[in-house]
Amino acid sequence: MNSAAAKKAPAQCNMIQALNWALHDAMEADENVIHFGEEVGDAEGGGIVKISAGLSTQYGSRVRSTPISEMGFMGAAVGAAVVGFKPVVEVMLMNFVAVCMDQITNHAAKLRFMSGGQTHVPMVIRTMTGSGFQNGGQHSDFLEAWFCHTPGIKVVMPSNPADGYGLLRSAIEDPDPVLFIDHLNNYWTPGVAPVRGTRIPLGKARIHQEGKDVTVIGYSRSMLDIPPVAAKLAAEGISCEVIDLRTVSPIDMDTVLASVKKTGRAVIVHEAVKSFGVGAELSSRIHEALFRELKAPVERVASNDSPVPYAPPLEAAFLYSHADIEAAIRKTLA
């Protein structure tokens, strides 16, 4: 990975490759970057989907596979960050953050505030989740709203390889804790490969495509689902502006509001359940800022308010569909 040839990325790659490059490049650039979590060492396979492949071979003791104790290794990460390291700690599946919520929300997120700004906690918590893989209700939830409701921690949810690389590099260099959430569906979906060394600022959305009739806002998995619907509607003359939030806390309201002010309509799409989610917060902010300029109420498309089912037909029914997105867009135009 040190050679110039190794850093010549192909035209396309998937998210696994992009995140692996980001970790390799960050560890090469800064000896204070360390990485640990369950099964992340090469002897254990390089992580559950091999995102950390090659790291322990190249960087030795800076990469540690841990016992199955999220509370223990999350506490170790907080301590390491406080004394000057930049830990990237992997929680195998997102539901497992429930085991170490105290370390994340009461320590990592609050130490800067409780020390009057004297203590920073520069750590990244990487995890993955997503429905559609029969992982059951205790392994598939999108819980980003828990952390968006926690001051002091940023929440990043990339949708494509180039963004995944650039956002992870920025997250590792951020002086405060960042929760970095991957979607299983995005891992194997090919996309434009990143330019090695690129950073993408946290808190900055990306306009995926410009449009004039309605703004459709998504992140993570929903950015695989919105573009096909927008393309279908474009054939009928309906022009959708599509925004990928990339970071859901903080939300880039400047980009969102500028777009909705132009179109007068907004639809928000996310995989997490509908109630009390990022879509609700975003809808509220749009209504507060642009109430008199909206041509229709903001629509939300999300999963049903239930645990993620295990049986494939029920799991499919739990998740929103392309038809749901299309119906919401058409409703704003009625």
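Reader: Which strand gives the most to the lining of the largest cavity?

Author: Strand E5 does, with three residues. Keep in mind that this is a predicted model. E5 covers residues 124–129. Both E4 and E5 supply at least two residues of that lining.

Reader: What makes this space a cavity?

Author: A 1.4 Å probe fits there but cannot get out, so the space is called a cavity. The volume of the largest cavity is about 30 Å³. A search of the whole structure finds one cavity of 30 Å³ or more.

Reader: How do you know that a residue such as Tyr187 belongs to the lining?

Author: A lining residue has an atom within 4 Å of a cavity point. Tyr187 is listed in the lining, and so are Ile48, Val49, Ile51, Glu90, Val91, Met92, Arg126, Thr127 and Met128.

Reader: How many of the lining residues are nonpolar, polar and charged?

Author: Seven are nonpolar, one is polar and two are charged. Glu and Arg count as charged, and the lining includes Glu90 and Arg126.

Reader: Why is E2 called mostly covered?

Author: Buried means under 20% relative accessible area. Five of the five residues of E2 are buried, and E2 is therefore called mostly covered. Val33, His35 and Gly37 point one way, while Ile34 and Phe36 point the other way. In a regular strand the side chains alternate between the two faces of the sheet.

Reader: How do you know that E2 pairs with other strands?

Author: Pairing takes at least two bridges. E2 and E4 (residues 86–91) have five bridges, so they pair, in the parallel sense. Here glycine 37 stands opposite glutamate 90. E2 and E3 (residues 63–65) are joined by three bridges, so they pair as well, and they run parallel. Histidine 35 stands opposite valine 63 in E3.

Reader: Why is glutamate 39 called partly exposed?

Author: Glutamate 39 has 38% relative accessibility, so it counts as partly exposed. Glutamate 39 lies in the loop between E2 and helix H2 (55–59). Its phi is near 65 degrees, a positive value in a residue other than glycine.

Reader: What makes lysine 50 partly exposed?

Author: Lysine 50 has a relative accessible area of 48%, so it is partly exposed. Lysine 50 also lies in the loop between E2 and H2. Its phi is positive, about 70 degrees, although lysine 50 is not a glycine.

Reader: Where does proline 250 lie?

Author: Proline 250 is in the loop between strand E12 (247–249) and helix H10 (253–263). The peptide bond from serine 249 to proline 250 is cis, with omega near 5 degrees.

Definitions and conventions:
Residues numbered from 1 in each chain as written. Predicted model: local features only at pLDDT ≥ 70, side-chain atom pairs only at ≥ 80, totals over all residues. Heavy atoms only, no water. Helix = DSSP H or I, 4+ residues; strand = E, 2+ residues; numbered from the N terminus. Buried < 20%, exposed > 50% of the residue type's maximum accessible area, 1.4 Å probe, protein only. 1 Å grid on protein atoms, 1.4 Å probe; cavity = no way out; pocket = protein on both sides within 12 Å on 5 of 7 lines; lining within 4 Å. Points joined across faces, edges and corners; volume = space filled by probe spheres on them.
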